[in-house]
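My notes are below the display.

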Amino acid sequence: MNFRIFAISIMISLVWALSGCDRAAEDEGAQGDGGSTQAGPGQPAAAVEVGFIELQPIAISRTNELPGRVVAYQVAEIRPQVSGIIQSRLFKEGSYVEQGQQLYQIDPARYEADYAMAEAGLADAQARNENAVLVFNRSKRLLEENAISRQAYDDALSRLNQTRAAVGLAEAEVKRAQINLDYTRVHSPISGYIGPSALTTGALVSAQQQFALATVRQLDPVYIDLSQTAAQARMLQARLAEARLDDMDKTTFKVTLYPGNSSRRYRHEGTLDATDLAVDSRTGAIRLRSTFPNPDRLLLPGLFVRASVEDVGRSREILIPQKSVRIEPNGEQSVWVIDADNTAVKRSIRTGAAHGNHWVVLNGLEPGERLIVEGTMNLREGAPVKPEKIEIDTDQLEKDVPPDTLNEQVPAPEDPPPANSEDAHGESAAAIASEAEQETRGQRQ
């Protein structure tokens, strides 16, 4: 056991010796690196090779991502207009039904009898009216010959008017009886997909009952009702007005959909239809309604979605690679630029949200400036540089634009760097020392 403890002690000594060698090598390397930018006394500073890009505005789309729900384009709740027993259901639940297609048949026996009674009443009223016409014409001739009194003539005219009114009333009764008889055949008012039936054959229904027999929904196209805060909605409406003034032919604005929590776009684009003119008192939000085609019926009513509304078309912004931005100890952002004398200058900037692997610059940089993107590790203020231009592909940036590109957001500071090799050696030595101490304690016990 003593030999084992002795061996462990030798290993600890070797680890600490290796750690000291690493620190010495790092110090020498740091001094060597410093020599690349700092010359000795009386010698000019050597230029540092750096790669730069020339800043130019990039055309991007301004979008806002909003939460929303799918709403059926048309909804019809099927309710009976007359009371009776359901004789048959004439559709398959969940199937597509056409406008005017019969869905239910209610027992028509009572309404057929009412219709026959109304027709008989009409025939009686028409016969009375014909008799009243004959009496009136005869009374009119007799009055001209002074064969009857004026009172008899007036009575004949009154009976004629009464019979005419009776005919009109009888015709209305026939029409109402016909309507009620037609209501025994329940039809679909719209084309769409019908849900499950609430009642079966033989069930008793009543006129204008509270619950529906079934519901028909038109699912192609569909509405997407989005929710946006009142302040943002006012800004959106102002930008829409400006865009329409700039281009009078453009009256619609595209909407991109992301179903559920998916990051994949819905393959069909929608259009912004209208904005609500009232603010919800509970949420402080305004409803925006857009329309989307839904030929595959992937968007079902009530489904949660996210949508990106293109509110002002395309604008030109300055984008810079994220790797070129440094986070200072005080939390500010800075980059290295090259001035006219080919010297490095540190510049404070403010960025917006991420656009791929780039930041949208809000202020601090101007088009045409040279931004250093490579070789920034050993730069210092005013150091001479040897610039080399780097070409970047901006076509990809213009094609695919994520939501909330231009929201004024400041990125979080970068994560602290991982532990260096010295810390790793220290942790290993500490672990070995702890193991040796435990061995010694076990031997003493």
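These entries run from the whole chain down to single residues.

**Ground rules.** I am working with a predicted model, in which local features need pLDDT of at least 70, side-chain atom pairs count only at pLDDT 80 or more, and totals for chains, interfaces and linings use all residues. Residues are numbered from 1 along each chain as its sequence is written, and side-chain values use heavy atoms, with hydrogens and water left out.

**Whole chain.** I looked up the secondary structure and got six helices and 20 strands. Helices (H or I, at least four residues) and strands (E, at least two) are DSSP runs, numbered from the N terminus. Next I checked burial: 33% of the 445 residues in the chain are buried. Buried means under 20% relative accessible area, exposed means over 50%, and partly exposed lies in between (1.4 Å probe, protein chains only). Then I looked at contacts, meaning heavy atoms within 4.5 Å. Of those between residues at least 6 apart in sequence, 77% join residues at least 24 apart.

**Nonpolar cores.** Here I mean sets of buried Ala, Val, Leu, Ile, Met, Phe, Trp, Tyr and Cys residues joined through side-chain atoms within 4.5 Å. In soluble globular proteins, nonpolar side chains tend to be buried together. Which members of the largest core touch the most other members? I found Phe-91, Leu-103, Tyr-104 and Ile-194, out of 20 residues in that core. Strand 2 (58-78), strand 5 (102-106) and strand 9 (214-229) each supply at least two of its residues. Strand 5 gives the largest share, three residues.

I then followed Phe-91. Setting aside residues up to four places away in sequence, Phe-91 touches Val-97, Leu-103, Tyr-104, Ile-194, Gly-195, Ser-197 and Ala-214. There is also a second, separate core of 17 residues, with Val-222, Leu-257, Leu-272 and Leu-299 among them.

**Helix pair.** I compared helix 2 (residues 109-144) with helix 3 (residues 150-183). They pack at an angle of about 160°, and their axes are 7 Å apart. Axes are lines fitted to C-alpha atoms, for helices over the stretch in contact, and angles run from 0 to 180 degrees between N-to-C directions. Helix 2 and helix 3 are therefore roughly antiparallel, a label for angles over 145 degrees. Helix 2 passes helix 3 in a left-handed crossing, in which the near helix is turned anticlockwise from the far one by less than a right angle.

**The loop between them.** Asn-146 sits in the loop between helix 2 and helix 3. Is Asn-146 buried or exposed? I read a relative accessible area of 67%, so Asn-146 is exposed. Ile-148 is in the loop between helix 2 and helix 3 as well. At 24% relative accessibility, Ile-148 counts as partly exposed. Not counting residues up to four places away, Ile-148 touches Ser-139, Leu-142, Leu-143 and Tyr-153.

**Backbone check.** Most residues other than glycine have a negative phi, and most peptide bonds are trans. Asn-146 has a positive phi, near 60°. Arg-297 is not a glycine either, and its phi is about 55°. Arg-297 lies in the loop between strand 12 (285-292) and strand 13 (304-317). Its 40% relative accessibility makes Arg-297 partly exposed. The peptide bond from Asp-220 to Pro-221 is cis, with omega near 5°. Pro-221 is placed in strand 9.

**Asn-261.** This residue is in the loop between strand 10 (254-259) and strand 11 (270-275). With 74% relative accessibility, Asn-261 counts as exposed. What does Asn-261 contact, leaving aside neighbours within four places in sequence? I found Phe-304 and Arg-306. Asn-261 and Arg-306 are 45 residues apart along the chain, and their C-alpha atoms are separated by 7.8 Å.

**Gly-284.** I placed Gly-284 in the loop between strand 11 and strand 12. Gly-284 is partly exposed, at 32% relative accessible area. From Gly-284 to Gln-228 I count 56 residues in sequence and 8.6 Å in space, C-alpha to C-alpha.

**Gln-333.** Last, I checked Gln-333 in strand 16 (residues 333-338). Gln-333 counts as buried, at 4% relative accessibility. Its side chain makes a polar contact with the side chain of Thr-351 at 2.9 Å. A polar contact is a pair of N or O atoms within 3.5 Å; within protein, one must be able to donate a hydrogen and the other to accept it, and residues adjacent in sequence count only if both atoms are side-chain atoms.

Key
Parallel < 35°, antiparallel > 145°, perpendicular 65-115°, else oblique.
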